[in-house]
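Subject: Structure for you to look at

Hello,

Here is the structure I said I would pass on.

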Amino acid sequence: MLKRSFMSAFIAALLCALLTACAPAAPKDEAIYYLVRHAEKVSGERDPSLTQAGEARALALVVRLAQANINQVYSTDYKRTRETAAPMAHAFGLEVSLYDPRDMAGFAEQLKTQNGNIVIVGHSNTTPGLAALLGIDPGEPIVEVSEYDRLYVIKRVGENVTGMQVHYGE
């Protein structure tokens, strides 16, 4: 019995070592961009915070991307976007970096030089445009009053860009 346990452990360790040795090195010219609009916001304020539903959605984004190994989080400098980005940054031990939504072309060019898995929190009027600047069809405009669950997943390998839209949260 002891021999069988030892042999099973040995085989498991050997398989782990082989799989690790065969794992490809991290690509040097590859990125996955996760673009979202901020979560639900309080209405009637100039720079509104998130509602309880928005706070829950920000946490749902963390759950959705828990296995994505995020290494950069960006947000515009508004309460609703910073509050949407904060749980993601906290979950991965990162700081939220701010970007200027008035210079989306410049920001897109900056992103194209970065590698890794990057979350970008924006607005209904900037997120689809950024998706287009990164090289995919953004689809229909985001519905300003009710659509908070669209998640663009854009993968860049060298000059090749692919993307899709998915939804997250309730």
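A residue is called buried when its relative accessible area is under 20%, and exposed when that value is over 50%. By that rule, 38% of the 170 residues of the protein chain count as buried. Please keep in mind that this is a predicted model.

**The chain as a whole**

The protein chain has 5 helices and 6 strands. Along the sequence they follow the pattern α-β-α-β-α-β-α-β-α-β-β. Among the contacts in the protein chain with a separation of 6 or more, 62% are between residues 24 or more positions apart. The accessible surface of the protein chain is about 10000 Å², and carbon and sulfur atoms account for 57% of it.

**The sheet**

Strands of a sheet pair through backbone hydrogen bonds, and they do this either parallel or antiparallel. Here, 6 strands form an open sheet with mixed pairing, in the order β3-β2-β4-β1-β5-β6. Which strands stand at the edges? They are β3 (96–98) and β6 (160–167). Each has a single partner strand, so one side of each has no neighbour in the sheet. From one strand to the next, the twist averages 25°.

The parallel sense is found between strand β2 (residues 72–75) and strand β4 (residues 116–122), which pair over 4 bridges. One place to look is S75, whose bridge partner in β4 is V121. Helix α3 packs on the sheet, where it touches β2, β3 and β4. The direction of α3 makes about 170° with that of β2.

The antiparallel sense is found between strand β1 (residues 30–37) and β5, which are joined by 7 bridges. In this pair, Y34 has V153 in β5 as its bridge partner. β5 also pairs with β6, again in the antiparallel sense, over 8 bridges. There, V157 stands opposite N160 in β6. The hairpin of β5 and β6 has 2 residues between the strands, and G158 takes a positive phi near 60° in it.

Is strand β5 mostly covered or mostly uncovered? Strand β5 (residues 150–157) is mostly covered, with 6 of its 8 residues buried.

**Two helices that meet**

Two packed helices are described by the angle between their axes and the distance between the axes. For helix α2 (residues 52–64) and helix α3 (residues 79–91), the axes come within 8 Å and cross at roughly 35°. The crossing of α2 and α3 is right-handed. On the α2 side the residues in contact are A58, L59, L61 and V62, and on the α3 side they are E83, T84, P87, M88 and A91. Sorted by class, this contact has 7 nonpolar, 1 polar and 1 charged residues.

Start with S75, which is placed in strand β2. Its relative accessibility is 0%, and therefore S75 counts as buried. Leaving out residues up to four places away in sequence, S75 touches T81, R82, A85, V96, S97, L98, Y99 and V121. S75 and D100 are 25 residues apart in sequence, while their C-alpha atoms are 8.7 Å apart in space.

Next is N69, in the loop between α2 and β2. N69 is not a glycine, although its phi is positive, at about 50°. Is N69 buried or exposed? With a relative accessible area of 55%, N69 is exposed.

The last one is E147, in the loop between α5 (127–133) and β5. Its relative accessible area is 12%, so E147 is buried. Which residues does E147 touch, not counting those up to four places away in sequence? They are R37, P141, I142 and H167. E147 and E40 are 107 residues apart in sequence, and 8.6 Å apart in space from C-alpha to C-alpha.

Regards

Notes:
Residues are numbered from 1 along each chain as its sequence is written. This is a predicted model: local features need pLDDT of at least 70, side-chain atom pairs count only at pLDDT 80 or more; totals for chains, interfaces and linings use all residues. Side-chain values use heavy atoms; hydrogens and water are left out. Axes are lines fitted to C-alpha atoms, for helices over the stretch in contact, and angles run from 0 to 180 degrees between N-to-C directions. A crossing is left-handed if the near helix is turned anticlockwise from the far one by less than a right angle, and right-handed if clockwise. Contact means heavy atoms within 4.5 Å. Ala, Val, Leu, Ile, Met, Phe, Trp, Tyr, Cys and Pro count as nonpolar, Asp, Glu, Lys and Arg as charged, and the others, Gly among them, as polar. Two strands pair if DSSP finds at least two bridges between them. Buried means under 20% relative accessible area, exposed over 50%, partly exposed in between (1.4 Å probe, protein chains only). Accessible areas come from the Shrake-Rupley method with a 1.4 Å probe; for residues, only the protein chains shown count as cover.
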